[in-house]
Amino acid sequence: MKFTSRPTAVVIGLTLAAAALAGCSEEASGGGGNDGGSEASACAPEDVTLVGQVRNESNPYEASWLDGGDAFAEQVGLEQQRLTYDGDSTKQQEQITQLLAGNTDCLVMNILPNGDSDTLPIVEGAQEAGAFLVTQWNKPADVNVEDYSQWLSHITYNGVESGQQIGDALAEAIGGSGGIIALQGILDTGAAKDRYAGLEASLDANPDVELLDQQTANFSRDEALAVTKTLLTKHGDKIKGIWAANDDMALGALAALEQAGRTDVAVVGIDAVPDALTAIEDGTMTATVSSDGPWQGGIGLAIGYCVATGELAVDDISAEDRAWFAEQFLITGDNVADFTSPVVDEADFDCDNVFSRSQGAIS
C-alpha cells in the first residue's frame with residue numbers, strides 16, 4: 001500500500017514492526033474498566049479492539065485515514081473496524097453508543113467527530129465505559145482533554161496557517177490581484193472556521209485580491225461542483241481563482257471549471273489527496289496542504305494501543321501532547337514529486353515516538 005505524505009527529508013511510516021509494539025509492559029495508568037481511569041492490568045495485544053470512524057469513504061482523504069488504520073492494525077496482528085456515519089451526527093452517536101455498550105476494557109477508538117458539538121458526548125461515553133479514545137480535528141475550545149483519563153489525546157492542525165498558505169499561493173497564482181470565490185467546509189467544525197480565518201488573513205495581506213463570494217459546500221465534491229457552477233454563472237469572468245477548504249471541494253470546482261471551459265482559473269485546496277496531487281502535477285490545480293490522512297488513521301490507533309497494552313501510561317503523556325497540532329506541508333508544483341513518492345520511516349508508530357510530529361500544544 002502506498003501512502004501520500006511528507007517529503008523525502010521528513011519521512012513517515014505506516015509499516016510499523018509489530019515486535020516494537022508487542023513487547024509492552026504489564027500495567028498502564030488510566031486503563032480500561034468502567035470506573036473511567038483507575039489502574040488496571042494491561043491488555044494482551046490480541047485482546048485489543050481497534051476502531052476507526054470517519055464521515056464517509058467517498059471522501060478520498062477520509063478513505064485514506066481508514067486505510068492507514070488498516071495498515072497499522074495489520075502490523076500489530078489485528079484488524080480495524082471501519083465505521084462511517086455519512087456526516088450524520090445522530091448516526092455517529094448511535095454507532096459510538098453501540099460500541100460502548102459492548103466489552104470496552106481493551107477498546108481503542110480513533111474518531112473524527114462530525115462537529116465540535118459532537119465531541120463531548122463521545123468523550124463522556126468513553127470515559128464512563130473505560131474505552132481508550134483519541135479524537136482528531138474537532139473539539140470545543142473550552143473542553144480540556146486533561147480532565148479525562150480515557151481521552152488520551154486530541155490531534156488537529158493549524159487551520160489558520162493552512163488556510164492562509166493556500167490563500168497566499170492562490171494570490172500569487174493570479175498575479176496578486178483579481179477576484180476569487182471561496183468554498184467553505186462544514187461550518188460547525190474547527191477546521192472550517194480556522195481555514196476560513198486563514199483565508200481572511202491572506203486577503204488582508206493581499207489587498208488587491210477581492211473575495212467575490214463565499215458559500216459552504218460541506219467538504220463535498222458534489223456540492224462544490226453545484227456551488228461552483230452557480231457562482232461561475234453569477235460572477236463570470238471576474239473569477240480568477242477558487243479557494244477551497246479541502247481538496248474534495250477543490251476537485252469539484254475543477255470539474256465545474258472543465259465543464260464551463262474555464263482553464264484560466266487557479267484552484268487551491270487542503271488534504272493532499274491523490275487526485276489533487278495529480279492535478280497539481282498536470283498544472284490544473286495550484287496548491288494543497290498535506291495533513292497526511294494515512295498517518296492520522298494509524299497514529300490515533302497507535303497511541304491507544306500503546307496505552308491499552310501498557311507500553312505508554314496516561315500519566316506519562318505530557319500536557320502538551322494531550323491536545324496538539326501535528327505537522328503539515330504546503331504542496332505546489334515545485335515539490336509535489338516529494339509527496340507522490342514518499343520514503344517510509346518505520347519509527348513513526350513506535351510507542352516511544354507517537355508524538356514525534358507535534359508542533360506544540362493547542363493554545
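Predicted model: local features only at pLDDT ≥ 70, side-chain atom pairs only at ≥ 80, totals over all residues.

Visitor: What does G293 touch, leaving aside its neighbours within four places in sequence?

Guide: Y61, S64 and W65. Contact means heavy atoms within 4.5 Å. G293 itself is found in helix α10. G293 and G68 are 225 residues apart in sequence, and their C-alpha atoms are 7.2 Å apart in space.

Visitor: What makes a stretch a helix or a strand here?

Guide: Both are DSSP runs, numbered from the N terminus. A helix is H or I with at least four residues; a strand is E with at least two. The chain has eleven helices and 15 strands.

Visitor: Why are α2 and α10 called oblique?

Guide: Take helix α2 (residues 60-75) and helix α10 (residues 293-308): their axes cross at roughly 45° and come within 6 Å. Axes are lines fitted to C-alpha atoms, for helices over the stretch in contact, and angles run from 0 to 180 degrees between N-to-C directions. Under 35 degrees is roughly parallel, over 145 roughly antiparallel, 65 to 115 roughly perpendicular, and the rest oblique. So α2 and α10 are oblique to each other.

Visitor: Which residues of α2 and α10 make the contact?

Guide: On α2, they are Y61, S64, W65, G68, G69 and F72. On α10, they include G293, P294, G297 and Y305. By class, the contact of α2 with α10 has seven nonpolar, seven polar and no charged residues. Nonpolar covers Ala, Val, Leu, Ile, Met, Phe, Trp, Tyr, Cys and Pro; charged covers Asp, Glu, Lys and Arg; the others, Gly among them, count as polar.

Visitor: What is the crossing of α5 and α6?

Guide: Right-handed. In a right-handed crossing the near helix is turned clockwise from the far one by less than a right angle; anticlockwise is left-handed. Helix α5 (residues 159-173) and helix α6 (residues 190-205) pack at an angle of about 45°, with their axes 6 Å apart. That makes α5 oblique to α6.

Visitor: How do you know whether Q53 is buried or exposed?

Guide: Q53 has 0% relative accessibility, so Q53 counts as buried. Its place is in strand β3 (residues 49-54).

Visitor: What makes a polar contact between the side chains of Q53 and Q92?

Guide: The distance is 2.8 Å. A polar contact is a pair of N or O atoms within 3.5 Å; within protein, one must be able to donate a hydrogen and the other to accept it, and residues adjacent in sequence count only if both atoms are side-chain atoms. A polar contact of 2.8 Å also joins the side chains of Q53 and Q95.

Visitor: Where is D292, and what is its phi?

Guide: D292 lies in the loop between β12 (287-290) and α10. Its phi is positive, about 60°, although D292 is not a glycine. D292 is buried because its relative accessible area is 1%.

Terms used: Residues numbered from 1 in each chain as written. Heavy atoms only, no water. Buried < 20%, exposed > 50% of the residue type's maximum accessible area, 1.4 Å probe, protein only.
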